[in-house]
Amino acid sequence: TQLDNGDILVTTLGRSKAATGEVLKLSKGASQQTGNLALNSGNQVAISVDEARQIFSENCSRCHGADGRGQGPDSALFEVPIPDFSTIEFQQSRTDSRITEVITKGGSGTGLNPAMPPWEKILTAEEIKSLTNVIRGPLWE
């Protein structure tokens, strides 16, 4: 949305079952947050495999595909291939800490495609850990 003064506001969706979205103001050369709709609480609740799969479906499948094979409906928009999580090559070439880092910091924060958003302000640490576990296997079984 563009305001009368020329500022551009962007909203992030966050999770469908929790108010984790944000309202951000775009600015040249800086990242300025105009307001947080909700902050993650410090409460870290264990996430079930089904809940982690739901988080993946809601937030990751547009690019990575529902099956994690990198063929999501938006994958064709990128100039680089989206990783196929189901391959032995992917699984053997990434540590859990690297997967968690990429989810947490996004592409720009880890030297990868900047289209991969950072999820650290949207998902809790427990949700990110659960996504790492899903990427390691349960989603594809």
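Leaving aside neighbours within four places in sequence, with which residues is His64 in contact?

1. His64 is in contact with Phe56, Arg69, Gly70, Gln71, Gly72, Ile82, Pro83, Phe85 and Met116, once its neighbours within four places in sequence are left aside. Contact means heavy atoms within 4.5 Å.

2. This is a predicted model, in which local features need pLDDT of at least 70 and side-chain atom pairs count only at pLDDT 80 or more, while totals for chains, interfaces and linings use all residues. Residues are numbered from 1 along each chain as its sequence is written, and side-chain values use heavy atoms, with hydrogens and water left out.

3. His64 sits in helix α2. Helices (H or I, at least four residues) and strands (E, at least two) are DSSP runs, numbered from the N terminus. His64 counts as buried, at 12% relative accessibility. Buried means under 20% relative accessible area, exposed over 50%, and partly exposed in between (1.4 Å probe, protein chains only).

4. The structure holds 2 aromatic pairs. Rings of Phe, Tyr and Trp (its six-membered ring) pair if their centres lie within 6.5 Å; planes under 30 degrees apart count as stacked, over 60 as edge-to-face and the rest as tilted.

5. Phe56 and Phe85 have ring centres 6.3 Å apart and planes at 70 degrees, so this pair is edge-to-face. Phe56 belongs to helix α1 (residues 49-59) and Phe85 to the loop between α2 (61-64) and α3 (88-93), so the pair ties together parts 29 residues apart in sequence. Phe56 is buried, with a relative accessible area of 1%; for Phe85, also buried, the value is 5%.

6. Phe85 and Phe90 form a tilted pair, 4.9 Å centre to centre with 55 degrees between the planes. Phe90 is buried, as is Phe85.
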